[in-house]
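Let's walk through this protein together, one piece at a time. Keep the sequence and the 3D view open while you read.

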Amino acid sequence: MEDKKKVIFSGIQPSGNLTLGNYLGAIKNWVKLQDEYDCYFCVVDLHAITVMQKPADLRKRTLEILAIYIASGIIPEKNTLFIQSHVPAHSECSWLLTCNGYMGELSRMTQYKEKSKKSGESIGAGLFTYPLLMASDILLYQTDVVPVGADQVQHLELARDLAERFNKTYSPTFTIPEAYLSKTGAKIMDLQNPEKKMSKSEDNPNSYILIMDEPDIIRKKISRAVTDSIGEVKYSDEQPGVKNLMTILSNIKGYTFEEIENKYKGQGYAQFKNDVAEAIVEELTPVQERVKALLENKSELEEIYKKGAEKANYVANKTLRKMQKKIGFIPR
Ligand code: TYM
């Protein structure tokens with residue numbers, strides 16, 4: 001009998017250009033897990049429209065993200081790669097979960113609290129209900145494991161709560177998913193303000209490295225990265241800028257923090273920063289080349305996302321029909 005592999009689901013929003021944080025915190029981890037699991041990797045375009053997107057940019061980024069997945073080493077034949085809006089079950093499930101979710105639990109989501117501080121009353125309703133859509137993404141595939149960065153753990157816990165609640169209210173329907181974090185890449189910090197996570201929605205471009213940044217831009221951004229006046233390469237909470245650069249170097253090269261500390265003892269930051277930049281350039285250049293080649297042949301990408309949507313629709317609909325039946329809808 002064929003061994004049934006455990007299921008992975010994860011996704012990235014096409015709401016901005018992808019950063020090194022997305023790459024190290026999510027994509028690089030997916031590449032490592034793809035052999036062991038039955039993986040669904042999605043470009044979550046429905047999530048991106050929680051804030052206004054220019055239609056042409058949204059289309060461009062959606063395809064670019066799919067290309068980045070593949071260019072980073074996700075093998076299309078082995079995994080289900082698809083675009084969220086091509087599987088209507090995500091939107092439908094989201095409504096069903098909305099009716100099982102509580103205002104209180106959604107109000108406690110850190111990301112929502114931060115964003116609502118900025119926008120006040122005019123914050124989009126989608127930003128409030130967004131974790132329910134994310135829970136739908138995960139639960140529709142009976143997902144066991146969700147590889148994400150640390151910022152998504154709270155949303156994942158909500159997905160678990162919703163799954164448990166639904167299972168209890170009706171009868172066992174959903175697998176309870178678990179988060180899976182990268183050992184060193186789970187929280188890559190902002191280069192200008194290392195107390196904050198690196199984010200694609202940050203205004204100052206020196207704050208982040210984009211996956212598609214040119215080598216010289218990467219070098220410039222790393223040389224401008226905020227450090228401190230201590231002048232010693234040390235993995236310490238007192239030196240959050242240096243700690244972040246060490247994390248990046250360790251993640252890409254596989255060095256331990258101790259090895260990095262020893263290598264740069266008594267040398268200040270110049271050589272260290274130089275090596276961090278070169279490690280990033282070396283890692284991203286081949287990815288960028290493959291992305292460009294993939295985007296030149298859109299029909300190949302189209303074939304991949306269409307095939308992915310077919311499989312995803314089949315699996316997601318099976319779970320959705322179960323939910324509808326249990327809730328009391330007349331089967332169609
Ligand atoms: P998003 O699009 O903001 O980020 C995509 C993935 O990248 C991770 N990430 C980071 N990891 C380390 N350091 C950082 N600075 C950093 N910035 C981002 C995120 O944790 C995430 O894993 N709601 C999700 C997308 C989503 C999803 C899902 C994820 C929708 N449905 C279902 C998993 C399962 C989001 O906005 O991620």
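Val43 stands opposite Ile83 in strand 3 (residues 80-83). Strands and helices here are DSSP runs, with at least two residues (E) for a strand and at least four (H or I) for a helix, numbered from the N terminus. Before going on, a word on where this comes from: it is a predicted model, in which local features need pLDDT of at least 70 and side-chain atom pairs count only at pLDDT 80 or more, while totals for chains, interfaces and linings use all residues. Residues are numbered from 1 along each chain as its sequence is written, and side-chain values use heavy atoms, leaving out hydrogens and water.

Back to the strands. Strand 2 and strand 3 are parallel partners, joined by four bridges; two strands count as paired if DSSP finds at least two bridges between them. Another facing pair is Phe41 and Leu81, the latter in strand 3.

How enclosed is strand 2 (residues 38-43)? Five of its six residues are buried, so the rest of the structure largely encloses it. "Buried" means under 20% relative accessible area, "exposed" means over 50%, and "partly exposed" is in between (1.4 Å probe, protein chains only). In a regular strand the side chains alternate between the two faces of the sheet. Strand 3 is covered on both faces, with Thr80 and Phe82 buried on one side and Leu81 and Ile83 buried on the other.

Now look at the helices. In helix 4 (residues 89-98), the buried residues are Ala89, His90, Cys93, Ser94, Leu96 and Leu97. They cover an arc of only 165° around the axis, so they sit on the same side of helix 4; the arc is that of the directions from the helix axis to the C-beta atoms. Among the elements covering these buried residues are strand 1, strand 3 and helix 13.

Helix 9 (residues 215-223) has Ile218, Lys221 and Ile222 buried. Viewed down the axis of helix 9, its buried residues fall within an arc of 95°, so they line one face. Their cover includes helix 10 (240-253) and helix 12 (270-296).

Next, zoom out. The protein is divided into domain 1 (7-186 + 298-327) and domain 2 (205-292), with bounds that come from an automatic or database domain assignment. Taken over C-alpha atoms, the domain centres are 29 Å apart. In all, 16 residues of domain 1 are in contact with 17 residues of domain 2, where contact means heavy atoms within 4.5 Å. Together the domains bury about 1,400 Å², 67% of it on carbon and sulfur atoms. That figure is the accessible area (1.4 Å probe) that the two parts lose on being put together, summed over both. Leu20, Ala71 and Thr184 supply 40% of the area that domain 1 buries against domain 2, more than any other three residues.

Finally, find Lys28 in helix 1. Its relative accessibility is 16%, so Lys28 counts as buried. Leaving aside residues up to four places away in sequence, Lys28 touches Tyr23, Asn251, Ile252 and Glu283.
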